[in-house]
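Here is a short briefing to read alongside the model. Keep the sequence and the 3D view open as you go through the points.

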Amino acid sequence: MTLLELKNISVHYGRIQAIKEMSFTVEEGEIVSLIGANGAGKTTTMKTISGLLNPSGGSISFMGQDITKMKAHIRVVQGISQAPEGRGIFPAMTVLENLDMGTFGRKDRSGVSEDLDRVFTLFPRLKEREKQFGGTMSGGEQQMLAIGRALMSRPKLLLLDEPSMGLAPQFIRQIFKIITEINSQGTTVLLVEQNANQALARAHRAFVLETGEITHSGTGKELLANPAIKEAYLGV
Amino acid sequence: MSMVDGPTPLHTAKADQAAEDREAVGTPPGSSAAVRRKGWFGGLGEKWQELPRQKQWAVLIIVVVLAYLLPVINPPLISTEPGNDFPLACQTMAVWALVAVGLNVVIGYAGLLDLGYIAFFAVGSYVAAMLTSPDSTFLKIPYLWTIPVAMAVTMFFGVLLGVPTLRLRGDYLAIVTLGFGEIVRILATIIPAMKGQVGFQNLGHPPGLDAHGVPIFANSNGTPWYWLTLTILIIVLLLAGNLERSRVGRNWIAIREDEDAAETMGVPTFKYKVWAFAIGAGIGGMSGALMSGQVGFVNNQKFDVVTSVLFVAAVVLGGAGNKVGAILGGALVAYIPLRFTAIADYKYLIFGLALCLIMIFRSHGLLAARQQLLAYGRHAYNEVKARTDAKSAKAKAAPGKEASL
């Protein structure tokens, strides 16, 4: 089943067109990666899907419903949850409070403790630090917290904007392993990355973004094997 | 996960011990912020949290009684006499404290820099003036009624200003609010019904005559006015405290810390920002009505930008996000020029310097925002968790009767 569908989406910042008539779909149960260089429009795409930006043209539908005009905070209730770029955690709240903020839009408070357990199982480090203030944690821990917080709304679609940004290589591998695990538990994941190697290796399908347009698409493995992509993004 | 060793946890052995002690006496935990920001008053919040509930109440009652008795005792070193009447100074301080508490909702909780707060103060003053002064042609109502009316009208103005402008962020919002502050002042000058510089005289006051047939709430009699303002201040504090500890308060904090993240958590940020604005405005309007009632005269001369900036200074000085700090800041900003009349002419220089020093040495204000509100949230959260745990346990025991979600 198609979970998310973008049709001819265009996004402008003032007069500058950041996204040019982009179309793609995300099927239920997939990990889809968007890779691209700086300024390719990756974060713009994410913000358009989560509702922080309004597209200037085209339409977005989620589970068959048109959500193009829907406000960001309502999309969360519908099942789209984002771990924003640069982590975006609340520094003056503790880990537990940050996670609790993730449950804001939920109607079923009864599933919360179950999800809290799930997050703590995925990220045992968060459990150890549950009373620590978000702002005092390391980059990797903040990233875990951002992902964990996004999971607390029990999303159908998890948007991850550069989860590897600013992290040590060893930790990047671990984050990606956890992303695969989250996916195998039934959450569809749309991933934006500069770290093309990991993003392609973990993805079912992937798209390459260049200056606001999709230039390549295929399964993760196909793109990994594509010589042009190898040269441009994998530095081989 | 060896590479994710963050800074060492903040819970020192001593703090942990304190936490255990607290739990032992059954008060909610929540002084970790005090542990985090130790300063001149740093230990104070922590010590306060360590006190058992009964002792906290006892201390609070003593403080409140002392606050009520302040103009009667007229303590020698603190008194503003002979230059200024001390009870009147107390009233001014109480009004400024109320203003600071209101502005603290906007700046401290929701993180919206409002440089035109004086506009709400002005609207409140004019509501009181136009509904009670014989100079006005409007319908007249008893003075005490003007306080809730002023609050309602300014809340309306807060929404009116908030809806178009709260789509802006940061500096842009500050600029627009600065403009709004000026607009209200200029409107008061050019709208004939608001009587510009001539203004309104003989505003109403609460009823009551003393033994000599003089009104209890005479313009020159500061003490009853102070008691009235202080009572309202305490009520507002209790309400603000409840808001702070509620979901609303936490959403404000989330918006202050990262608006986009709050939005992607499902918080309707715009709605909450308008609410913060309206609540702040309402408190500002009340303080305006109280101030002008005591002065007995309102014209367009008192509502300048500088006062607006002083309001912000009061909040920042006291500690944005901390209501006790806001009271302290507001009272201090009002008190210093009245007490030290020799330096009153230099008050802007002194406040400027004080703010610079505060920013350098104590960037969170005299009393830093306590995270206690969040700790209360956690307290509530744990309760919810315990309840849902119990529920799911019950559901497991009787799978047929599982509650629908």
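In E10(A), A:Gly218 is the bridge partner of A:Ala206. E9(A) and E10(A) pair in the antiparallel sense over six bridges, where pairing requires that DSSP finds at least two bridges between two strands. Their hairpin has two residues between the strands, and A:Thr211 takes a positive phi near 35° there. Please keep in mind that this is a predicted model: local features need pLDDT of at least 70, side-chain atom pairs count only at pLDDT 80 or more, and totals for chains, interfaces and linings use all residues. Residues are numbered from 1 along each chain as its sequence is written, while chains are lettered from A and ligands numbered from 1 in the order in which they are written.

**The mixed sheet of chain A**

- E9 and E10 belong to an open sheet of six strands in chain A, ordered E6-E7-E8-E3-E9-E10, with mixed pairing; strands (E, at least two residues) and helices (H or I, at least four) are DSSP runs numbered from the N terminus.
- E6 and strand E10 (213–219) of chain A are its edge strands, each pairing on one side only.
- Neighbouring strands of this sheet are turned by 15° against each other on average, direction ignored.
- Strand E3 (residues 31–36) and strand E9 (residues 205–210) of chain A run parallel and are joined by five bridges, and A:Val32 stands opposite A:Arg205 in E9(A).

**Helix H6 of chain A**

- H6(A) lies across E6 and E7 of chain A, running at about 170° to E6(A); axes are lines fitted to C-alpha atoms, for helices over the stretch in contact, and angles run from 0 to 180 degrees between N-to-C directions.
- This helix (residues 139–151) has 13 residues and reaches 18 Å from its first C-alpha to its last, close to the 18 Å expected at 1.5 Å a residue, the expected span being 1.5 Å times one less than the number of residues.
- Of the 13 residues of H6(A), 12 are buried, that is, 20 or more other C-beta atoms, placed from the backbone, lie within 10 Å of a residue's own.
- Among the elements covering those residues are strand E7 (157–161) and helix H7 (169–184) of chain A; contact here means C-beta atoms, placed from the backbone, within 7 Å.

**The antiparallel sheet of chain A**

- Four strands of chain A form another open sheet in the order E2-E1-E4-E5, with antiparallel pairing.
- Strand E2 (16–27) and strand E5 (65–66) of chain A are the edge strands.
- Strand E1 (residues 2–13) of chain A and E4(A) pair over five bridges, with A:Lys7 opposite A:Ser59 in E4(A).
- Helix H1 (residues 42–50) of chain A packs on this sheet, touching E1, E2 and E4 of chain A, and its direction makes about 65° with that of E2(A).

**Helix H13 of chain B**

- H13(B) (residues 305–318) has 14 residues and reaches 20 Å from its first C-alpha to its last, close to the expected 20 Å.
- H13(B) is largely enclosed by the rest of the structure, because 10 of its 14 residues are buried.
- Its cover includes helix H5 (86–109) and helix H14 (323–339) of chain B.
- B:Gly319 follows H13(B) and has a positive phi, near 125°.

**Confidence**

- Chain A has a mean pLDDT (the predictor's confidence in each residue, from 0 to 100) of 89, and 99% of its residues reach 70 or more.
- Among the elements of chain A, helix H10 (residues 227–234) has the lowest mean pLDDT (81) and strand E4 (residues 57–62) the highest (94).

Technical notes
Contact = placed C-beta atoms within 7 Å.
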